[in-house]
Amino acid sequence: VQFECQDVQPGYIFQASSKGLDPSKVAALQKATLYYAERNHPCADIFFKDGTGALYLVDVGGTSNILKARTKVQKLSDALAQEGLRDDLGVRGLKGVVLLPNIMNSSLEEDEETITEVIRVTGAQARDLLGGLVQLLAWLPDA
């Protein structure tokens, strides 16, 4: 995906009661801005709209436990399945990415038990995508 970040802002796009996406908060997102979740979130540490208006939810997992990683992927996949059916979000698509820099093998990508539309990026590729943020892995919980 092509995304040219011009700003980084805190944000929160989830409803407090249902943990679903809040349409008014999603509508307020600016293109070319990378948002990070201000507080605990149900499934996305980072989110942004691309140039086409698609909304990307990105979850970064610090775990090296494959079962916890699968749970994280499935949680985002379930959210995409539920939220992707909504017409009130005003986005041109809903995409999910889970970055798992501490999963060092490809077993998660080959996992056929998890049926998902979530893009899974592990190991060195996830570290490359995180760039300078990889130093924050020390503070991520193993969850």
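Predicted model: local features only at pLDDT ≥ 70, side-chain atom pairs only at ≥ 80, totals over all residues.
Local features need pLDDT of at least 70 and side-chain atom pairs count only at pLDDT 80 or more, while totals for chains, interfaces and linings use all residues. Residues are numbered from 1 along each chain as its sequence is written, and side-chain values use heavy atoms, with hydrogens and water left out.

The protein has three helices and six strands, in the order β-α-β-β-β-α-β-β-α from the N terminus. Helices (H or I, at least four residues) and strands (E, at least two) are DSSP runs, numbered from the N terminus. Of the 143 residues, 43% count as buried; buried means under 20% relative accessible area, exposed over 50% and partly exposed in between, with a 1.4 Å probe and protein chains only.

Now for the rings. Four aromatic pairs turn up, where rings of Phe, Tyr and Trp (its six-membered ring) pair if their centres lie within 6.5 Å, and planes under 30 degrees apart count as stacked, over 60 as edge-to-face and the rest as tilted. One of them, Phe3 with Phe48, is tilted, at 4.2 Å centre to centre and 35° between the planes. This pair bridges 45 residues of sequence, from the segment before β1 (7-11) to strand β3 (residues 46-49). Phe3 is partly exposed at 25% relative accessible area, whereas Phe48 is buried at 8%. Tyr35 and Phe47 are stacked, because their ring centres are 5.7 Å apart and their planes at 5°. Tyr35 sits in strand β2 (residues 33-37) and Phe47 in strand β3, so the pair ties together parts 12 residues apart in sequence. Tyr35 is buried at 9% relative accessible area, and Phe47 is buried at 0%. Phe3, Phe48 and Tyr56 form one aromatic cluster.
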